[in-house]
Amino acid sequence: MTEAPQAPLRAAIITVTPYQQNCSLVWCSKTMRGALVDPGGDLDLIKASVAKAGVTLEKILLTHGHADHCGQAGMLAKELSLPIEGPHEADRFWIARLEDDGPRFGIETKIFEPDRWLEDGETVSFGEIELEVIHCPGHTPGHVVFFHRATNFAFVGDVLFAGSIGRTDFPMGNHQDLLDAITGKLWPLGNEVTFVPGHGPTSTFGRERQSNPFVSDAAVGAGR
């Protein structure tokens, strides 16, 4: 488990599922109350990490409906009596097919109904922390990103990776929508933003604008 020591927001990455998915434990350093972003599996590991950090969970936040990100979120929510917020309702069909997709992902999964579907421009909160919700379709139609403006920190799920972008060959994926979401919604947040992707190492928007072969300024300019 690696930590990003931004205050007042703290974040620890817990790598889960056979897909090495980045589940993030995020919390308010003042109140020690927090949330889990994309607890897709390995629930015992997640619960142990929460206990070690001394965080009191308030909710589960989901970026999108793929099994490695949310397949066991409903199970954890029921066990710990936590509400689920996210993703955008356009991913309802992904959540509805979780129990069919789970075996393909090698994950035990269970269908659930989020307590709150999220819309672009809304916020989610825990402790004294407020995260902005940014709808970024393309990888899935209902994918959302969570952004903490005060510390320039974002949880982007499978929209963007260090050196790559999310796949768009799944049902209802759209490559151009993904490019437009990254360049039109994420880049304006600033080059200094550090982000946790759904898989792999953290990076910054500035670094990706310089070197990402799919969405760097040079790559986007060449595509016009």
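User: How many positive and negative side chains does the chain have, and how far apart do the centres of the two sets lie?

Analyst: Please note that this is a predicted model. The chain carries 18 positive and 29 negative side chains. The centres of these two sets are 3 Å apart.

User: What radius of gyration does the chain have, and what would a compact globule have?

Analyst: The chain has 16 Å, whereas a compact globule of 224 residues would have a value near 17 Å, so the two agree. Along its principal axes, the C-alpha trace spans about 50 × 40 × 30 Å.

User: What share of the residues is buried?

Analyst: Residues count as buried under 20% relative accessible area. Here, buried residues amount to 54% of the 224 in the chain. The chain exposes about 9300 Å², of which carbon and sulfur atoms supply 49%.

User: How many helices and strands does the chain have, and in what order do the strands of the open sheet run?

Analyst: Strands of a sheet pair through backbone hydrogen bonds, in either a parallel or an antiparallel sense. This chain has eight helices and 14 strands. Six strands form an open sheet in the order 7-8-9-10-13-14, with mixed pairing. Strand 7 (123-126) and strand 14 (203-204) are the edge strands, each pairing on one side only.

User: In which sense do strand 9 and strand 10 pair?

Analyst: Strand 9 (residues 144-148) and strand 10 (residues 153-157) are antiparallel, paired over three bridges. His148 has Phe153 in strand 10 as its bridge partner.

Methods. Residues are numbered from 1 along each chain as its sequence is written. This is a predicted model: local features need pLDDT of at least 70, side-chain atom pairs count only at pLDDT 80 or more; totals for chains, interfaces and linings use all residues. Side-chain values use heavy atoms; hydrogens and water are left out. Helices (H or I, at least four residues) and strands (E, at least two) are DSSP runs, numbered from the N terminus. The radius of gyration is taken over C-alpha atoms; the globule rule is 2.2 Å times the number of residues to the power 0.38. Buried means under 20% relative accessible area, exposed over 50%, partly exposed in between (1.4 Å probe, protein chains only). Accessible areas come from the Shrake-Rupley method with a 1.4 Å probe; for residues, only the protein chains shown count as cover. Lys and Arg count as positive and Asp and Glu as negative; His and the chain ends are not counted. The place of a charge is taken as NZ of Lys, CZ of Arg, CG of Asp or CD of Glu. Two strands pair if DSSP finds at least two bridges between them.
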